[in-house]
Amino acid sequence: MATVSLNKLTKRYGKTEVLHGIDLDIADGEFVVLVGPSGCGKSTTLRMIAGLEDVSDGTVEIGGRVVNRVEPKDRDIAMVFQNYAIYPHMSVRRNIGFGLKTAKISKEEKAKRIEATAETLGMTQYLDRKPSALSGGQRQRVAIGRAMVRQPSVFLFDEPLSNLDAQLRTQTRIEIKKLHQRLGTTVIFVTHDQVEAMTLADRIVIMKDGAIMQIGTPSEVYHSPANTFVARFIGAPSMNLLPASGDGSNLRLASGAAIPGSARGDVLVGIRPEDLHPGDPASAPMQGKVILAEPLGAETLLYVDVAGAEVIASGPGQGAPGPGDVIGLSPVTLHIFDAETGTAIR
Amino acid sequence: MAVIETPIADRVVAAPPPRRANWGQMIRWLLLFAGGIVMVAPLAYMLSASIKYPYELFDLNLIPKEPTFDNYREVLGDSRFARWFGNSILIATLVTISNLFFDSLVGYTLCKFRFPGRYIVFIAILSTLMIPTEMLVIPWYVMSSKFGWIDSYWGIMFPGMMTAFGTFLMKQFFETVPDDFLEAARIDGLNEFQIFWQVALPLVRPALAALAIFVFLGNWTAFIWPLIVTNSVDMYTLPVGLKSFAVEQSVDWEMVMTGAAVATLPTLIVFLIFQRFIIRGVVMAGLKG
């Protein structure tokens, strides 16, 4: 196990800077998820930690040692790739054991480690199969096994679940989480899926355009987003953002509705759909007409037209209003952001 | 559960309308058939001539009036023929192995490594494809002469030990190998040659098979360069040796045809076994065979 520190980490391709001086400290045994849209620099960051990309500026420290010029094999890391990267011409046994090829340990010890890893992952009966005879989930487990068998200080996962179907993805996600709880190894996990990030991470690092937007626990980034990008990126469906102006005691929305709030000037009012419940139009501060209802079982998502703006609200699973109904909306929790910069006003 | 039976009359499917003669299709088939005849006819003539006596050699009948295997007995009993056959096998095999190694290595390097001048090197290699062998023969000969390689195995082999075509073919195939495989191996601690040898190369086995066939066939049938660079009969390859059946005054056509028939057999066998690799190799390289 080891700590990982990124100090002013910068990446440039020619004159184009794609990573703008990232600072991040990861504690020993922590599960950190880098999340963000495509092109935000999360995979580049991971590859720089792995040593697969050169560092243009700044430092990468693993276990307190600067590893900028250390070969990937000498960084005491293991990486699981998006497309598994398990070798089709080798059996599962050889694939898992491949990570030990250059390890200076006896054959018996190697065999023991392969068996133990396969057992942990429930792959013992598949050890002599070729990858082509495995399902997607099993292949991913082989890839994880190849990383595990090396007993590294840090595990790096580069969108390892994105090639799996929804059910398998959930199942593998749980397995990875359990594995981390059992091994306690430091994990850096890259994904563009905010659900994966929320469910797996001890801390989430939300990135955009080569910069970190917010670092925090899943609860922090969900309940106290640092800016409108984080507010909309985390949570599904996204947070509603409504322009408003505040006078210190009330926030007047563009629709004319007034809701209590202490901000002054032009702001954006963020309301999560689950904090916006339908009610009596006469007594609720906001009124609107239901355009679309999406029943999800436990709840119904209501797409409501509020004075020309589309707002998503959460209704009950049964007996929710339907399209055409005029409803009132009462916000429970508000998030206030500066209208110009998008940063949160606390 | 009640089953509702459909009346049989309703189940009768209307017969499809009679197909009209598709003239375009017929013309295509005829052209292909004609092309096939043009390609197969010399082969058939060769096989036919190899079991004919000289007196009916120039008759156009494919089945001889008096078939004989005397020609085969004579050719296979000739010690020179065995020597030439052995020379051809040795040279074609060694050149093939060399091409498999060096073409792959260069193709892999050009495909997977970023270094200054990479593109120029690739274009320079490709440009050699545009120079006909006949033009290269003179510098090859001068080189062989200066280094004392005339009438030696190395002299016959050296120009083909690495080819631009093979390099291009292998580079195209390595494009299909995801970088993740190589990076995973890099993290697992393999050095760059081990990654090439243990990870990348096994992933392009179909390309290696295709290249092996191309190179083997090319060297097996090579004529001009072995003819020029060899002097002694013992150093002849099979095609050059067959030429020696033609003496100043006459040509032993039945012997030439028999020798050619024997020489064709290994290539036919190789082709039949590996033809799917050839097709894949041609498709991948985007080249004509």
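Contact here means heavy atoms within 4.5 Å. Keep that in mind as we walk through this predicted model, because several stops below are lists of residues that meet by that cut-off.

Let's start in chain B, with helix α8 (residues 164-174) and helix α11 (residues 205-220). On the α8(B) side the residues that touch are B:F165, B:G166, B:L169, B:M170 and B:F173, and they meet B:A207, B:L208, B:L211 and B:F214 of α11(B). Sorted by class, that contact has eight nonpolar residues, one polar and no charged. As for geometry, the axes of α8(B) and α11(B) come within 10 Å and cross at roughly 165°. An angle over 145 degrees counts as roughly antiparallel, so that is the label for α8(B) against α11(B). The crossing of this pair is right-handed.

Now stay on α8(B) and look at another partner, helix α5 (residues 118-127) of chain B. Here the axes are 8 Å apart, and the helices pack at an angle of about 130°. That angle makes α5(B) and α8(B) oblique to each other, and their crossing is left-handed.

The next pair in chain B is helix α4 (residues 79-112) with helix α10 (residues 192-203). Their axes come within 11 Å and cross at roughly 105°, and α4(B) and α10(B) are therefore roughly perpendicular to each other. On α4(B), the contact uses B:F101, B:S104, B:L105 and B:Y108; on α10(B), it uses B:F193, B:I195, B:F196, B:W197, B:A200 and B:L201. The tally for the contact of α4(B) with α10(B) is nine nonpolar, one polar and no charged residues.

Step back, and chain B splits into domain 1 (24-68) and domain 2 (79-285). The C-alpha centres of these two chain B domains lie 31 Å apart. Where they touch, ten residues of domain 1 of chain B are in contact with seven residues of domain 2 of chain B. Between them the two domains of chain B bury about 640 Å², with 83% of it on carbon and sulfur atoms. Which residues of domain 1 of chain B lose the most area to domain 2 of chain B? They are B:M46, B:S50 and B:L57, which together make up 57% of what that side buries.

Chain A is also divided into domains: domain 1 (4-233) and domain 2 (240-338). Their C-alpha centres lie 39 Å apart, and the contact takes eight residues from domain 1 of chain A and six residues from domain 2 of chain A. The area buried between the chain A domains is about 640 Å², of which carbon and sulfur atoms give 58%.

Two backbone details in chain A are worth a look. Most residues other than glycine have a negative phi, and most peptide bonds are trans. At A:D209, phi is near 50°, a positive value in a residue other than glycine. You'll find A:D209 in the loop between β9 (203-208) and β10 (211-216) of chain A. Then there is the bond joining A:A236 and A:P237: that peptide is cis, with omega about 0°. A:P237 sits in the loop between α8 (228-233) and β11 (240-247) of chain A.

Note on methods: Residues numbered from 1 in each chain as written. Chains lettered and ligands numbered in written order. Predicted model: local features only at pLDDT ≥ 70, side-chain atom pairs only at ≥ 80, totals over all residues. Heavy atoms only, no water. Axes fitted to C-alpha atoms, helices over the stretch in contact; angles between N-to-C directions. Helix = DSSP H or I, 4+ residues; strand = E, 2+ residues; numbered from the N terminus. Parallel < 35°, antiparallel > 145°, perpendicular 65-115°, else oblique. Left-handed = near helix turned anticlockwise from the far one by under 90°. Nonpolar A, V, L, I, M, F, W, Y, C, P; charged D, E, K, R; others polar. Domains from an automatic or database assignment. Buried area = accessible area lost by both parts, 1.4 Å probe.
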